[in-house]
Amino acid sequence: PRASPRVFPRVNATRLGPWSHFDCTYSCTYLLDPEEPMFQVIGTLFLKELIKEFGTDHIYSADTFNEMTPLSSEPAYLARVSSAVFRSMTGADPEALWLMQGWLFQHQPDFWQPAQVRALLHAVPLGRMIVLDLFAESKPVYPWTESFYGQPFIWCMLHNFGGNHGLFGAVEALNRGPFAARRFPNSTMVGTGLAPEGIEQNDVVYELMNELGWRHEPLDLASWVTRYAERRYGAPSAAAARAWRLLLRSVYNCTGACVNHNRSPLVRRPSLRMDTALWYNQSDVYEAWRLLLSAAGELGASTTFRYDVADVTRQAAQQLVSDYYVRIREAFQRRALPELLAAGGVLLYDLLPELDGLLGSQGLFLLGRRLEGARAAATSDREAEQYELNARNQLTLWGPSGNILDYANKQLGGLVLDYYGVRWSLFVSALVESLNSGTPFHQEQFNQAVFQVERGFIYNKKRYPSVPAGDTLEIARKIFLKYYP
């Protein structure tokens, strides 16, 4: 804790640097030197308190250098740190097992070369540490560390950063990965795991990953997803099965290093340089959308079916937003004001309101439910206000000045209109003003103006519905009839 050097002025502590885009008001952790006698005292006392409060299964999580650069790259120093952490664990529990995320090794590979990784891992007796290969479906660490140099590891799917909405998966990598890890020479793999930063999206990916832990070889994905659709909706449907096979081969089959921060222009602060590239053929999503809606007569009573219709319609709308953004940008670059107004008008006054209404028809897509959940955890009115501010900030600015802007973007009823929609309105207005006045569009000026809108959303205290309204299938059909390409 920050007060430690004041209370113990002679203690050997060093302040690490800032984290991400935050200054030392919010980061710059103090690290006690591993050879400082207080290290063992504090470490063991802390674990004893933890055990007193929660009991123990003898597994203790500790991530000493997660997204923080150690003070030295000397293997001897890193081994001393690791050894000190483990000794403080065994001081409280002689049977202690250290559970550590392996994220640091792939996050800062320039620092964590084989000698550094080996030093950190080998300072703990083999078998007394379990490493989570956290992002193994995209950037596995076990192949270049010779199976974590003998320490047991769990092959994990990370899948989602920030809990973003947006159909996404890397199903072929999932289907092959755990079995390849088991066959790896001298493999120390002991299990599979899920490590998403946010859940409650893309159910099919989590269903698949959980099933793979019980399998001896990769699945036939096309037949698996056909059965998945039947299990999910409680009845067979040729159209629904075909829709899912299309989704699985396209939007759910990202290959290569796939990092799912949803980068759709819909949920990003607008600019003239937004990336609209996709890893899949978007016509597959449109066709899956059509097929799912065609199955509404036979499956419409299923709540999971209605949720999936909302989610696939949401994905189709997300794709359409990108198309309208490209039209807006091209019209601006050609100085074609009528075309800019036409595309901007459809986006602002029809597509985004329709999407917001669709999301408002499903409980899991409601901003109000999320904010009420935050308030419900509070023990006083003042705390409830603080928790709601934090929930709004986490969805949007993530920090007082947009430090990790839109990292945890969500597509929620209420948020689409009152946050993303207002940003888009300001952007289109700024482009129109630029063409009308003959002055250049300045991104920095726009960023300053839109920040006031973003910050305003956090503090506006507006109440949002926490109960869904409207018929999902009717709304989705209406959007389909207007916008299906």
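1. A quick word on burial before anything else: a residue is buried at under 20% relative accessible area, exposed at over 50%, and partly exposed in between, using a 1.4 Å probe and protein chains only. By that rule C156 is buried, since its relative accessible area is 2%.

2. Keep in mind that this is a predicted model, where local features need pLDDT of at least 70, side-chain atom pairs count only at pLDDT 80 or more, and totals for chains, interfaces and linings use all residues. Residues are numbered from 1 along each chain as its sequence is written, and side-chain values use heavy atoms, with hydrogens and water left out.

3. On to the layout. The protein chain splits into domain 1 (3–223) and domain 2 (262–483), with bounds that come from an automatic or database domain assignment. Their C-alpha centres sit 34 Å apart. Domain 1 puts 16 residues into the contact and domain 2 puts in 21, contact being heavy atoms within 4.5 Å.

4. How much area is buried between domain 1 and domain 2? About 1500 Å², with carbon and sulfur atoms giving 55% of it; this is the accessible area (1.4 Å probe) that the two parts lose on being put together, summed over both. On the domain 1 side, F22, H165 and L167 lose the most area to domain 2, together 44% of what that side buries.

5. Last, the cysteines. The structure has one disulfide, meaning a pair of cysteine sulfur atoms within 2.5 Å. C24 and C28 make it, with their sulfur atoms 1.8 Å apart. The torsion about their S-S bond is about -65°, so the disulfide is left-handed. C24 is partly exposed at 30% relative accessibility, whereas C28 is buried at 3%.
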